[in-house]
Amino acid sequence: MYPNDGFRELGRQECLELMAGVPVGRVVFTRRALPAVLPVNFRLDDDGAVLLRTAAGSELVRAVDGAVVAFEADDVDAARRSGWSVVVTGPATVVTDPAEHRRLARTGPVSWAPSAREVFVRVEAELVTGRELVGGRSLYGVSVSDWRGDPLCGSGT
């Protein structure tokens, strides 16, 4: 981000607080050597890790267990031209400890597509970054409401 580009960098704690308020995000992983993005519901653990609950035999589990992934959540208000986006990056692992699994069964996310055999996937919050679009501003602090021209040529008036 550059000064006056219309965005504000968010700190780690602010990022986690914003993420805790939305129910859906996207996990970004590699599928057959290509990038893949899958929308999922989630919950944050007390330490900021992203928790997912999914079918034990799912392609997602096979693809992310032991891999470094990214997880993105956001909230956008199109009418106000404002919003925020947060990305958590870290290793993903299937929770195998029975006591931890029992704890997450009580406190963790509830799958929106339940399966007979489910597992929890934990994405460690090793890197947390985020930014907020300051409503009504665009690149270099130009007011969006005053800017009506071609995006490549300026105002056009």
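Trainee: What makes up the contacts with a separation of 6 or more in the protein chain?

Mentor: In this predicted model, residues 24 or more positions apart account for 67% of those contacts. A contact here means heavy atoms within 4.5 Å.

Trainee: How many helices and strands does the protein chain have, and what pattern do they follow?

Mentor: There are three helices and nine strands. Along the sequence they follow the pattern β-α-β-β-β-β-α-β-β-α-β-β.

Trainee: How many aromatic pairs does the structure hold?

Mentor: The structure holds one aromatic pair. The ring centres of F42 and F71 are 4.8 Å apart, and the cut-off for a pair is within 6.5 Å.

Trainee: Why is the pair of F42 and F71 called edge-to-face?

Mentor: Planes over 60 degrees apart count as edge-to-face. The planes of F42 and F71 stand at 65 degrees, so the pair is edge-to-face.

Trainee: What makes this pair a tie between parts of the chain?

Mentor: F42 lies in the loop between strand 3 (34-41) and strand 4 (43-44), while F71 lies in strand 6 (residues 68-77), so the pair ties together parts that are 29 residues apart in sequence.

Trainee: Are F42 and F71 buried or exposed?

Mentor: Both F42 and F71 are buried, the term for under 20% relative accessible area. Of the 157 residues of the protein chain, 36% count as buried.

Trainee: Which residue lies over the face of F7?

Mentor: R131 does, at 3.7 Å from the ring centre; the distance limit is within 6 Å.

Notes
Residues are numbered from 1 along each chain as its sequence is written. This is a predicted model: local features need pLDDT of at least 70, side-chain atom pairs count only at pLDDT 80 or more; totals for chains, interfaces and linings use all residues. Side-chain values use heavy atoms; hydrogens and water are left out. Helices (H or I, at least four residues) and strands (E, at least two) are DSSP runs, numbered from the N terminus. Buried means under 20% relative accessible area, exposed over 50%, partly exposed in between (1.4 Å probe, protein chains only). Rings of Phe, Tyr and Trp (its six-membered ring) pair if their centres lie within 6.5 Å; planes under 30 degrees apart count as stacked, over 60 as edge-to-face and the rest as tilted. A charge sits over a ring if NZ of Lys or CZ of Arg is within 6 Å of the ring centre and within 35 degrees of the ring normal.
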